[in-house]
Amino acid sequence: MSSSPPPPPPHFFFVAALLFVSHFTITADASSSSSSSSQTLNTHAEYMINPKLPPRALSSSKKFEGSSNLVHLRYHMGPVLSSSPINIYLVWYGLWSRSNKLLIKDFILSLSPSTPAAPSPSVSEWWRTVSLYTDQTGANVSRTVLIAGEYCDLKYSHGTQLTRLSIQQVIATAVKSAPFPVDHQNGVYLVLTAQDVVVQDFCRAVCGFHYFTFPSMVGSTIPYAWVGNSAKQCPEVCAYPFALPGYMAGGGPGALRPPNKNVGVDGMISVIGHELAELSSNPLVNAWYAGEDPTAPTEIGDLCEGLYGTGGGGGYIGQVMRDRVGRTFNLNGRNGRRFLVQWIWSPALQACAGPNALD
């Protein structure tokens, strides 16, 4: 349910070699119906070779790290977000710069297929795995995600210290002030708190979470997610691997350079992807999850936390791309954006998957 801080890896992911590649032929996400077609990726990027895999072992490596016969992700008969489009109502809580807003909105709008399509591997291809999840009627999670409305709570209407419950009060204020429509069929709320807002359990136990609103507080039951900007409070926890814990200073290659030069927001984007994937496949906490406790479910993002590419696991993030100036990414988005986003669990492969897989 929540995107928790990744456990500190034993040796980070010491880069054994950098392989410059002007183009690399990869297979598109095997979880989609078009996965059998091979696409050429021409990013002029360097590939970071994960030290767990010798250079020539790529083709014979385990197809997707994170796969396990012990994972029992089950469907519990609840709904998924199958109505199209998924309408996201954004709540910007606190002070947000225009550039930070645009970066986050570009990621969200990259989830949907577009014309022209972003280069592969793309954010839209990543979301395709989420769309494989179905409800009991066989309806899939929608491929189309829109930003249907925005509200800026510039005056911190509920203060700078929020509890999980007061996140719903923030939503209630937005619903009344924006005003947002009561969008039972397609709507979800996404609350994003600025870097000076302290939220219950933030940095200590979670970097984001999702649930559903209570009619007594918001007036209706609608799924929502919250993600905080950790830039000032705990970048080494919630913006990892763009920032490292102090005790790891001087060990290995150091923190990765974020793809958009913004440690806090680049770190948020992977958490936003994590929460939106889980919100869509388990909106009322009674659909897709592992474990027997619906109050603490293990969901499709939780199963792959910390994995970004082939060969990930055991403290290694996997093989990702690096551009000419050293910024790290694994997905392409709209407007030439690049992002580093964790993999998610594929119901087709029964393993963690992403469109940047090399085998």
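Student: What makes cysteine 304 and cysteine 352 a disulfide?

Tutor: A disulfide is a pair of cysteine sulfur atoms within 2.5 Å, and the sulfur atoms of cysteine 304 and cysteine 352 are 2.1 Å apart, so the pair meets the definition. This is a predicted model, in which local features need pLDDT of at least 70 and side-chain atom pairs count only at pLDDT 80 or more, while totals for chains, interfaces and linings use all residues. Residues are numbered from 1 along each chain as its sequence is written, and side-chain values use heavy atoms, with hydrogens and water left out.

Student: How many disulfides does this rule give?

Tutor: The count comes to 3 disulfides, and one of them joins cysteine 203 to cysteine 234, with an S to S distance of 1.9 Å.

Student: Why is the disulfide of cysteine 203 and cysteine 234 called left-handed?

Tutor: The torsion about its S-S bond is about -70°, so the disulfide of cysteine 203 and cysteine 234 is left-handed.

Student: Why does cysteine 234 count as buried, and why is cysteine 152 called partly exposed?

Tutor: Buried means under 20% relative accessible area, exposed means over 50%, and partly exposed lies in between (1.4 Å probe, protein chains only). Cysteine 234 has 2% relative accessibility and therefore counts as buried, whereas cysteine 152, with a relative accessible area of 31%, is partly exposed.

Student: What makes strand β9 largely enclosed?

Tutor: Strands (E, at least two residues) are DSSP runs, numbered from the N terminus. In strand β9 (residues 187–193), 7 of the 7 residues are buried, so the strand is largely enclosed by the rest of the structure.

Notes. Helix = DSSP H or I, 4+ residues; strand = E, 2+ residues; numbered from the N terminus.
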